[in-house]
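Subject: Structure for your review

Hello,

Here is the structure I said I would pass on. Please have it open while you read the notes that follow.

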Amino acid sequence: MIDIKLLYKQIATTTLFYLRFDLQLHFFWGMFLTLFAVFWSPFIYLGFIATLIKDALDLWSKGRWSWDDVVFGVAGCIVGVCLVGILS
């Protein structure tokens, strides 16, 4: 018999290992900023621009560029654009 509590803990641990909280934050940040395009269409670029600016500031302040942050931020922008298309 499978112990549901143990299975849940294993799934949660694996998910958080590959999809860390900071990557989830980049995804949702890009998505929600892009969703502002529902109100004004030029905001469709807002999530992408904010992702690039944030990572450029990380490069300037920390001395490193994180491609994981960029990939998840851009993925959030893509999901946001799809949702704007559905909502508009």
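A residue counts as buried under 20% relative accessible area, as exposed over 50%, and as partly exposed in between. Ala56 has a relative accessible area of 38%, so it is partly exposed. Please bear in mind that this is a predicted model.

Ala56 lies in helix α3.

Leaving aside neighbours within four places in sequence, Ala50 is in contact with Trp29 and Leu33. Trp29 is 21 residues away from Ala50 along the chain, with 8.5 Å between the C-alpha atoms. Thr51, also placed in helix α3, is buried as well, at a relative accessible area of 2%. With neighbours within four places in sequence again left out, the contacts of Thr51 are Asp69, Val70, Gly73, Val74 and Cys77.

Helix packing, α3 with α4

Helix α3 covers residues 46–62 and helix α4 covers residues 67–87. They pack at an angle of about 170 degrees, and their axes are 9 Å apart. Angles over 145 degrees count as roughly antiparallel, so α3 and α4 are roughly antiparallel to each other. Their crossing is right-handed. On the α3 side the contact is made by Gly47, Phe48, Thr51, Lys54, Asp55 and Asp58, and on the α4 side by Asp69, Val70, Gly73, Val74 and Cys77. By class, this contact of α3 with α4 has 4 nonpolar, 3 polar and 4 charged residues.

Helix packing, α2 with α3

For α2 and α3 the packing angle is about 140 degrees, with 7 Å between the axes. These two helices are therefore oblique to each other. From α2, the residues making the contact are His26, Trp29, Gly30, Leu33 and Thr34; from α3, they are Leu46, Gly47, Ala50, Lys54 and Asp55. The contact of α2 with α3 has 4 nonpolar, 4 polar and 2 charged residues.

Helix packing, α2 with α4

Helices α2 and α4 pack at an angle of about 35 degrees, and their axes are 7 Å apart. The crossing of α2 and α4 is right-handed. Helix α2 contributes Asp22, Leu23, His26, Phe27, Gly30, Met31, Thr34 and Leu35 to the contact. From α4 come Asp68, Asp69, Phe72, Gly73, Ala75, Gly76, Cys77, Val79, Gly80, Val81, Leu83 and Val84. The residues of the contact of α2 with α4 divide into 11 nonpolar, 6 polar and 3 charged.

Which residues does Thr34 touch, leaving aside its neighbours within four places in sequence? They are Phe43, Ile44, Gly47, Cys77, Gly80, Val81 and Val84. Thr34 lies in helix α2 and is buried, with a relative accessible area of 0%. In sequence, Thr34 and Cys82 are 48 residues apart; in space, their C-alpha atoms are 9.8 Å apart.

In soluble globular proteins, nonpolar side chains tend to be buried together. In this model, the largest nonpolar core has 5 residues in all: Phe27, Met31, Leu35, Ala37 and Val84. Helix α2, residues 21–35, supplies the largest share of this core, with 3 residues. Leu35, one of the core residues, touches Gly80, Leu83 and Val84, not counting residues up to four places away in sequence.

Regards

Notes
Residues numbered from 1 in each chain as written. Predicted model: local features only at pLDDT ≥ 70, side-chain atom pairs only at ≥ 80, totals over all residues. Heavy atoms only, no water. Axes fitted to C-alpha atoms, helices over the stretch in contact; angles between N-to-C directions. Helix = DSSP H or I, 4+ residues; strand = E, 2+ residues; numbered from the N terminus. Parallel < 35°, antiparallel > 145°, perpendicular 65-115°, else oblique. Left-handed = near helix turned anticlockwise from the far one by under 90°. Contact = heavy atoms within 4.5 Å. Nonpolar A, V, L, I, M, F, W, Y, C, P; charged D, E, K, R; others polar. Core = buried A, V, L, I, M, F, W, Y, C linked by side-chain atoms within 4.5 Å. Buried < 20%, exposed > 50% of the residue type's maximum accessible area, 1.4 Å probe, protein only.
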